[in-house]
Amino acid sequence: MLTQIKILTKLELCNLYGRNVFRFSKDRKARKKSLGLLAIWVLLLALLVFYVGGLAYGLICLGLEAVVPAYLITISSVLIFVFGMLKAGGIIFRKEGYDILCALPLSKGAVAISRLLSMYVEELLLALAVLLPGMAVYAWNLRPGVGFYLTGLLGIGSIPLLPMAASICIGVLITGISSRMRHKSLVAAGLSVFAVLGIMYGTSRLSAVEGSIDPKMLKNLSASVMALLGKVYPPAVWLGRAITCGDVLCGLLCAVLSLSVFAAVAAGVALCFPKICQGLYSSAAKHNYQMGRLKASPVLSSLCRREFRRYFSSSIYVTNTIIGPIMGCILSGAMLVAGTEELEKMLPLPLEVGQVAPFVIAGAFCMMTTTATSISLEGKSWWIAKSLPLSAKNILDAKILMNLLLILPFYLLSELFLIFALRPGAGELLWLLLVPAAIILFSCVFGITINLRFPVLEWESEVRIVKQSASAMLGSMGGFLLAILCAVAMGIVPKGYAVSLKALLSVVILAATAALYYKNNRFDLCGRV
């Protein structure tokens with residue numbers, strides 16, 4: 001079984017982040033796209049290194065060098081837990097290739113463990129990207145002894161294990177429950193969204209605890225921060241203190257504890273893997289079909305229904321794209337409950353919340369659009385859409401319309417909250433409705449534009465498309481960055497020019513949207529995608 005796990009893990013990792021495409025593909029376009037994706041990853045990594053290094057240096061300048069390792073371990077663990085929870089089910093119980101593996105003389109447990117190990121490698125890379133810059137700044141400034149490096153090397157490999165175990169438990173539980181339901185993807189997506197909202201609520205409660213620190217506690221700020229980290233994630237404090245003190249034995253105990261918990265979770269996953277896969281991939285059919293009246297629908301409505309069916313058939317797709325609209329409603333609802341005056345007092349800069357709030361809400365709606373990955377998710381069935389007697393405009397309009405209809409209920413609810421919170425006049429009401437709508441429309445069209453340029457039609461897991469592809473990253477950045485830049489501009493200009501700026505921004509955004517829309521409709525789907 002160990003040999004099977006080794007071979008399967010190697011196969012899982014051979015094309016990590018599209019590495020094989022860049023190394024062996026003879027298609028020049030595919031190599032260029034892979035090189036562009038690599039450049040994006042390098043840029044994001046550079047930004048992360050700069051941020052983490054600056055954070056560690058700032059803590060050291062404040063005299064909080066003792067909390068740096070624990071703080072960095074907590075950040076990386078939270079990231080691993082959140083991202084792992086959203087993709088654990090899609091990676092472990094991936095359908096692509098399962099039929100082939102079932103026909104081979106392989107243990108089902110070996111298949112499950114190989115997928116867990118490939119997931120561990122990805123999370124370890126994320127942990128290294130967070131920890132190494134901060135630890136390097138810490139070591140350069142404080143010059144610790146040999147015990148620091150030995151404990152750090154010993155503990156760094158165990159850091160992803162506990163948050164991975166927790167995220168896998170939640171992911172397997174969600175997938176296991178949904179596998180027994182009729183609408184598996186919808187149930188899995190709903191449970192994932194509730195889990196994410198629960199994490200957000202817990203984070204807000206911890207922020208309230210953090211805000212209750214009194215002046216006496218500030219005299220011992222390091223102990224206060226460590227106490228707060230202990231409430232968030234106690235193992236990070238244990239390992240952080242071991243690294244700071246150079247306690248190799250304590251670091252070894254933390255590593256053994258993490259490995260034991262992960263091994264227990266991996267054994268549980270291996271045991272329930274066949275049953276969950278059977279529940280996910282099997283379907284029941286009723287033999288009571290009766291011929292009824294045939295109905296004809298317009299092309300756009302038929303294609304739009306097709307897009308909705310594809311959307312709700314993927315839990316990872318639903319979870320990653322519905323969080324943004326929910327966040328927009330939560331932010332606008334919080335503004336209604338807390339009031340604009342209270343929020344302005346909490347801001348570090350003297351900003352008028354009513355001016356920037358519509359842009360911030362629009363940015364939340366644009367964090368991840370469905371159009372940014374809708375073409376890639378067609379996969380190998382994309383030829384069916386291209387072979388139909390339809391123009392590019394028909395196919396792309398359905399994808400944009402589906403995204404807009406999905407956002408519409410959340411947008412209306414959010415706007416209703418904003419109206420009651422801001423009490424705008426007739427003129428302000430127009431801009432309150434128009435500007436966010438223009439940004440959302442631009443984001444949908446921009447997502448299609450990006451996905452047309454960076455399609456990935458050959459994939460094994462939807463996680464790669466929704467969370468790791470260039471289209472997912474670039475497509476979600478367009479509308480979000482535009483909303484943030486507009487909010488910054490509104491915060492800078494004098495209040496007397498606010499209406500003129502909103503009018504100018506609306507015209508520019510709608511003009512850019514029309515230009516992209518016209519260009520997309522002239523795209524040769526058969527020749528280039």
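Modeller: Contact here means heavy atoms within 4.5 Å. Keep in mind that this is a predicted model.

Biologist: With which residues is I168 in contact, leaving aside its neighbours within four places in sequence?

Modeller: A88, I92, L116 and M119 are on the list.

Biologist: Which residues have the most contacts inside the largest nonpolar core?

Modeller: I168 is one of them, along with I92, L131 and V269. That core has 68 residues. Helix α6, residues 108-142, gives the largest share of this core, with 13 residues.

Biologist: Which residues does the second, separate core include?

Modeller: V353, A357, C444 and A487 are among its 44 residues.

Biologist: What share of the contacts with a separation of 6 or more joins residues 24 or more positions apart?

Modeller: In the protein chain, 83%.

Biologist: How many helices and strands does the protein chain have?

Modeller: There are 24 helices and 0 strands.

Biologist: Which residues of α1 are buried?

Modeller: Buried means under 20% relative accessible area. In α1, I5, L8 and T9 are buried. They cover an arc of only 105° around the axis, so they sit on the same side of α1. T3, K6, K10 and L11, on the other side, are exposed.

Biologist: And how much of the whole protein chain counts as buried?

Modeller: Of its 529 residues, 44%. The protein chain exposes about 27,400 Å², with 70% supplied by carbon and sulfur atoms.

Notes:
Residues numbered from 1 in each chain as written. Predicted model: local features only at pLDDT ≥ 70, side-chain atom pairs only at ≥ 80, totals over all residues. Heavy atoms only, no water. Buried < 20%, exposed > 50% of the residue type's maximum accessible area, 1.4 Å probe, protein only. Helix = DSSP H or I, 4+ residues; strand = E, 2+ residues; numbered from the N terminus. Arc of directions from axis to C-beta. Areas by Shrake-Rupley, 256 points an atom, 1.4 Å probe, with all protein chains shown as cover. Core = buried A, V, L, I, M, F, W, Y, C linked by side-chain atoms within 4.5 Å.
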